[in-house]
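Dear colleague,

Please find below the structure that I am handing over to you.

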Amino acid sequence: MRERSHAPGPTIQNPCEVIMDVIIQSIINGTLTGSIYGLAALGLTLIFGVIKVINFAHGSLLMVGMYAAYWLVTLTGVNPYVALIVVVPLLFFFGYFMQAIVIKPILVQQADVREPSEVIIVTSGVWYILDNLTLMVFGAEYRVVNTTVSGTSFSLGDLIISAPKFYGFVITIITAVALVWFLKYTKLGKAIRAASLDRVAASLMGINQYRVYNIAFGIGTAIAGIVGCVLIPFYYVFPTVGVIFDVKCFIIVVLGGLGSIPGALIGGVIVGLIESIGAQFMASTWTELIVYVVFLAVLFVRPAGLFGEKRDW
Amino acid sequence: MTRENLDKLLKIILIVGVFTLPVWMRSPTYLQILILLFFYAYLTTAWNLVGGFAGVLPLGHSAYVGIGAYTSTVLFMAFGLSPWIGMFVGGIVSAIVGTIIGIPTLKLRGAYFALATMAFGEGVRVLVENTDKIGPLLVNGPRGICIPLHNSFAQFQFMSKVPYYYIILIMLCIVLFVTWYISKIRIGYYLAGGGEEPEAAQALGVNVAKYKVIAMALSCFLTGLAGTFYAQLMLYFYPKQILGLDFSFEIAFIALIGGRGTIAGPVIGALLLRPVSDFSRIYLSDIAPGLHLVIYGLILILVMLYMPRGLVDPLSRGYNWVLDKFSGKTEVEGVKA
Amino acid sequence: MAYLEIKNVSKHFGGLKAVDQVDLSIEQGQIFGLIGPNGAGKSTLFNCVAGVYPPTYGNVIFKGDDITGMKPWDICKQRIARTFQVVKPFTSKTVLYNVMVGAYIRSTSPAEVKDMALEVLERLKLADKKDILAKNLTIADRKRLELARALATNPEMLLLDECMAGLRPREVDEIIDIIRSIRDGGVTIFVIEHIMRAIMALSDRISVINFGAKIAEGTPEEVSKDPNVIKAYLGENYVAA
């Protein structure tokens with residue numbers, strides 16, 4: 001494999017082989033892109049799994065990550081993957097404080113409600129504010145950044161693999177593994193898991209559950225930041241990009257099961273595959289519809305999702 | 001004068017004032033603003049039947065506005081069916097769709113229900129955007145539908161804004177009455193109980209899911225009617241606007257800020273928030289596009305944190321204070337002045 | 001045929017046998033007690049009767065009709081009412097409103113329902129608190145409200161799930177009197193309780209459950225002397241020689 005910037009020349013092929021290649025190509029594309037979607041959904045599912053709230057501002061936070069990465073790369077010319085060093089902590093603190101200032105008071109007020117619905121409203125408020133402040137400050141133009149990896153690809157036989165998407169895939173796997181290891185083996189990770197089971201019980205065990213929530217929210221948002229950096233080599237940056245990812249993430253998280261890490265990744269890949277394979281046969285607006293239909297079907301037939309816990313709805 | 005009499009007098013002044021407004025306010029621009037204000041108050045009150053009384057958070061109600069608008073308009077354009085009749089057809093179609101969606105989704109909890117309604121709303125929008133024609137019915141995809149000018153009562157079009165004003169005002173009064181009436185009879189109690197403690201309500205004989213679906217059907221029917229009104233008012237609508245997520249969210253949030261579950265809440269929310277949105281959009285959108293939404297977002301957060309029951313609470317306390325202050329408090333416990 | 005017949009009822013949750021082949025017969029007009037250590041399966045059995053979930057095996061027969069697996073609202077329409085161990089009042093509503101929700105199963109007229117609710121509140125001595133919001137009640141009053149709400153449905157059979165937990169001795173005595181008067185009014189009562197003196201004083205018959213299975217049944221006196229019961233509660237060492 002070597003990085004190239006142009007496709008191989010045409011060869012005469014059997015039409016079946018061409019179709020097979022097209023399908024395999026779209027499977028690969030779908031899987032790579034889907035894994036990145038899965039990473040985006042991972043932040044959301046972590047927050048839900050621990051704090052039991054749905055963060056409607058998740059897409060907007062991802063958008064903030066994208067803009068942060070965009071400006072960093074545009075102003076300093078640094079590699080977008082190096083930008084992670086700045087963007088990730090930045091978003092971690094963003095998330096930490098968002099949880100502490102805006103969401104915690106509601107959890108305290110509604111201490112005996114497992115999933116207070118006011119949180120949906122408040123996070124939507126944050127979403128409105130973030131999206132429109134960005135619109136006001138940076139304008140509505142679609143921005144593109146030229147990074148060292150944009151537009152490059154590897155070739156594997158007749159198949160073309162987009163380099164930035166591949167790197168994104170690798171980063172997704174690394175992040176997911178690191179997260180699982182963190183939750184399972186570190187003290188803080190175990191505290192997070194304990195707090196996720198029962199708010200009040202955990203506090204009786206000496207865990208400051210609100211601090212744990214702040215950290216969990218911070219981690220979820222930091223993951224959104226990772227996705228932001230990973231996306232800018234091949235995705236447009238504009239103020240409402242968050243909305244697209246928000247809705248996609250919700251769908252993925254329901255598909256995979258709220259609170260399940262493998263669920264988020266697999267759900268993401270499923271959506272990615274529907275989009276990329278569907279794109280071969282129909283317009284992208286129809287693939288959008290199919291994703292919604294699949295979402296609604298899963299919601300009605302098995303609301304817990306593929307890997308979620310079965311609960312009494 | 002006594003407190004009760006002052007209260008009654010103020011309410012009478014309000015009602016008379018609102019009903020005679022077009023007599024002394026002639027500006028069509030301001031009338032239009034008021035018409036849209038009542039339109040939103042109507043929508044939020046209808047939304048409240050599900051979002052307030054049934055205790056769940058529907059975030060896809062724009063779909064029913066759209067279904068109402070598209071149904072009556074499409075039937076008018078293809079068959080010449082009067083929009084007055086089309087309005088009720090649209091309402092019924094909305095109710096049927098709402099029931100079909102409601103039966104599986106109303107079993108879901110909080111966040112899942114919200115997501116499902118969002119997904120369904122977006123699904124309807126995408127479906128309409130991708131549809132040009134259904135047989136003889138012209139849907140026109142993302143471009144939306146433009147209703148040709150006819151200017152006759154039979155075709156539900158008027159030259160002046162005044163008839164529209166009275167129509168939406170009457171519709172608003174009807175919807176408020178329906179909400180009030182429901183809260184006083186059994187279905188209101190069952191919805192309230194089922195929304196707060198479904199298990200307890202079930203043990204008391206309430207089939208919670210069934211009542212939620214009834215509330216949904218009614219809400220969707222009423223919402224569909226407003227869709228036709230909007231179509232006839234503006235004579236143009238398109239999917240991203242009338243079926244959009246922004247619209248759904250706006251309806252929900254106005255009701256929430258005003259006070260979900262109360263009767264006056266959604267109306268108050270509309271009265272306070274729509275002017276904010278309109279004026280900031282008119283005067284500020286050149287300098288700062290989207291500022292009105294930033295303001296919306298801030299208000300949303302502040303109200304949820306400090307007044308989770310909505311603005312109805314502090315406002316009704318303020319109103320009571322005014323009553324006390326100006327009535328001289330002549331009512332003493334057990335003794336009438 | 002008994003008034004309420006629980007026939008060979010089992011409830012399994014995955015591999016866990018929460019209720020294991022329990023047979024119970026309750027006669028009309030009885031106060032029937034169900035006791036057992038924590039986690040024995042008492043509430044699970046109640047839930048099977050009340051329709052929260054169907055039993056895995058077995059049948060529940062009420063007045064000759066098979067009510068196995070009916071939904072809670074239909075069970076209520078069969079004139080069986082229940083209270084919850086963790087009370088679930090409609091906190092944002094008044095006491096009167098709460099009770100009216102229960103009464104609405106008997107009539108659709110708001111005026112009639114209001115009168116029915118007031119009557120129940122009088123009986124349970126909560127009438128003076130009728131306009132207080134449920135969230136502002138003390139725990140004792142909340143328990144009373146839970147009882148009032150269930151009574152408002154005019155049941156023939158009442159399932160009481162630990163309605164005295166957390167009450168002070170005087171409050172317990174008051175509830176005992178109230179339960180007796182309910183039974184005297186013609187309601188059959190099936191009660192789960194941990195407060196021994198209450199259930200011993202109230203019950204005509206008691207059944208003891210441990211690990212999901214019935215280990216003893218009889219009059220309060222018989223049961224308190226049963227060695228299996230003593231072993232289950234206090235351990236082997238306390239069985240009288």
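Helix H2 of chain B has a kink of about 45 degrees, centred on B:Trp47. The bend at a residue is the angle between axes fitted to the seven residues ending there and the seven starting there. Helices (H or I, at least four residues) and strands (E, at least two) are DSSP runs, numbered from the N terminus. This is a predicted model, in which local features need pLDDT of at least 70 and side-chain atom pairs count only at pLDDT 80 or more, while totals for chains, interfaces and linings use all residues. Residues are numbered from 1 along each chain as its sequence is written, and chains are lettered from A and ligands numbered from 1 in the order in which they are written.

How does the span of H2(B) agree with its 26 residues? The helix covers residues 28-53 and should span 38 Å at 1.5 Å a residue; its end C-alpha atoms are 36 Å apart, which agrees. The expected span is 1.5 Å times one less than the number of residues. After H2(B) comes B:Gly55, whose phi is positive, near 80 degrees.

Contacts between chains come next. Two residues are in contact if their C-beta atoms, placed from the backbone, lie within 7 Å. Of the two pairs of chains that touch, chains A and B have the most contacts. Here 36 residues of chain B are in contact with 35 residues of chain A. On the side of chain B that touches chain A, helix H5 (110-129), helix H11 (245-258) and helix H13 (291-306) each supply at least two residues. H5(B) gives the most, with 13 residues. By class, this side of chain B has 27 nonpolar, five polar and four charged residues. Ala, Val, Leu, Ile, Met, Phe, Trp, Tyr, Cys and Pro count as nonpolar, Asp, Glu, Lys and Arg as charged, and the others, Gly among them, as polar. Chain A and chain C are joined by no contact, and their closest C-alpha atoms lie 11 Å apart.

Chain C is divided into domain 1 (1-79 + 158-241) and domain 2 (83-154), with bounds that come from an automatic or database domain assignment. The centres of the two domains, taken over C-alpha atoms, are separated by 24 Å. In contact are 14 residues of domain 1 and 13 residues of domain 2. The side of domain 1 that touches domain 2 receives at least two residues from each of helix H2 (72-77), E7 and helix H6 (169-184) of chain C.

The sheets of chain C remain. Two strands pair if DSSP finds at least two bridges between them. Six strands form an open sheet of mixed pairing, in the order E6-E7-E8-E3-E9-E10. Strand E6 (80-82) and strand E10 (213-218) are its edge strands, each pairing on one side only. Strand E7 (residues 157-161) runs parallel to strand E8 (residues 188-192), and five bridges join them. Within that pair, C:Thr188 in E8(C) is the bridge partner of C:Met157.

Another open sheet, with antiparallel pairing, has four strands in the order E2-E1-E4-E5. Strand E2 (16-26) and strand E5 (65-66) are its edge strands. Strand E4 (residues 57-62) pairs with E5(C) over two bridges in the antiparallel sense, and C:Phe62 stands opposite C:Asp65 in E5(C).

With kind regards
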